[in-house]
Amino acid sequence: MAVFRSDPCGIICIVVTYAAVFYADYVVVRHLAIPNMTSTLWGAFHVVLFNIVVFLLTLAHLRAVLSDPGIVPLPANNIDFSDVRAAGKRKLSEKEGEDWTVCARCDAYRPPRAHHCKICRRCIRRMDHHCPWINNCVGELNQKFFIQFLFYTGLACCYALVLVIISWVLECSGSGCQIDHQGRQTRIVHSVILTVEAILFGLFVSAIMCDQLSAIFTDETAVEQIQKRSRERERPRKPKMALLAEVFGRGNSLLWLCPCQAAPDPQTISNPQEYDV
């Protein structure tokens, strides 16, 4: 199910993201590869390879933006939770493994580890946080695409910095050079802007990537870290590969970074229980 939020902040962040990505692609192709590497096949190689990274980055971002993060379905009929509210509790059971709760905003049952997002106005399964850069929550079903987006963004930043260095090392000179003085000045300006952009975005996504991997390996989302709920009851420890498989799917690990893969099946992640009203 495709989703899209009408949050102004999220929409602005998406526009900024694509403006930065396509500007970097323009500088790499127009001012770095073509003027300095046209005499060999390396120019075409770097142009094709960088655009492949940009394509995978864009595809992963679109899937993170439009994918259902794990929205908890609303019941078909209204449910009276007055007795639960009167008791002053939201947890339905104290038994281990049965910590279903009642969401006061959605007026619906909420499965374990689900949290309500004020921006999406729905409960999200295993919600980590709401990210304005994808205008969506990072949850059980789209965290895979979010991490792929971070990975390819970091890769594009590193690749752009390498190409800036190569373009200066292989700068054309002499009578055969077709770059005039104005062209050199233009390339300097674009190279400086691209370098600053690549460093800032590269450090930013690296920090978020480390945070996401830490959340996966500790089996604790950002919301749970803040609320300290996961410490109420010890969970069985799982191998790191098993925790990664819960996010990226049970398929071949070599395909975990491919944004063309389907989203993880909720039934293979946490075996959600269904309820009828």
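Analyst: Helices here are DSSP runs of H or I with at least four residues, numbered from the N terminus. This is a predicted model. With that numbering, α5 and α7 (240-248) each supply at least two residues of the lining of the second largest cavity, and α7 gives the largest share, 3 residues.

User: How is the lining of the second largest cavity divided by class?

Analyst: That lining has 4 nonpolar, 2 polar and 6 charged residues; Arg 113, Arg 126, Asp 128 and Glu 246 are among the residues that line the cavity, which holds about 80 Å³ of space.

User: What makes the pair of Phe 151 and Tyr 152 edge-to-face?

Analyst: Pairing requires ring centres within 6.5 Å, and planes over 60 degrees apart count as edge-to-face. The centres of Phe 151 and Tyr 152 are 5.1 Å apart and their planes stand at 75°, so the pair is edge-to-face.

User: Why is the pair of Phe 248 and Trp 256 called stacked?

Analyst: Planes under 30 degrees apart count as stacked; the rings of Phe 248 and Trp 256 have their planes at 15° and their centres 5.5 Å apart, so this pair is stacked.

User: How do you know whether Tyr 152 is buried or exposed?

Analyst: Buried means under 20% relative accessible area, and Tyr 152 has 8% relative accessibility, so Tyr 152 counts as buried. Phe 151, at 32% relative accessibility, counts as partly exposed, because its value falls between the 20% and 50% limits.

Notes:
Residues numbered from 1 in each chain as written. Predicted model: local features only at pLDDT ≥ 70, side-chain atom pairs only at ≥ 80, totals over all residues. Heavy atoms only, no water. Phe/Tyr/Trp six-rings, centres within 6.5 Å; stacked < 30°, edge-to-face > 60°. Buried < 20%, exposed > 50% of the residue type's maximum accessible area, 1.4 Å probe, protein only. 1 Å grid on protein atoms, 1.4 Å probe; cavity = no way out; pocket = protein on both sides within 12 Å on 5 of 7 lines; lining within 4 Å. Points joined across faces, edges and corners; volume = space filled by probe spheres on them. Nonpolar A, V, L, I, M, F, W, Y, C, P; charged D, E, K, R; others polar.
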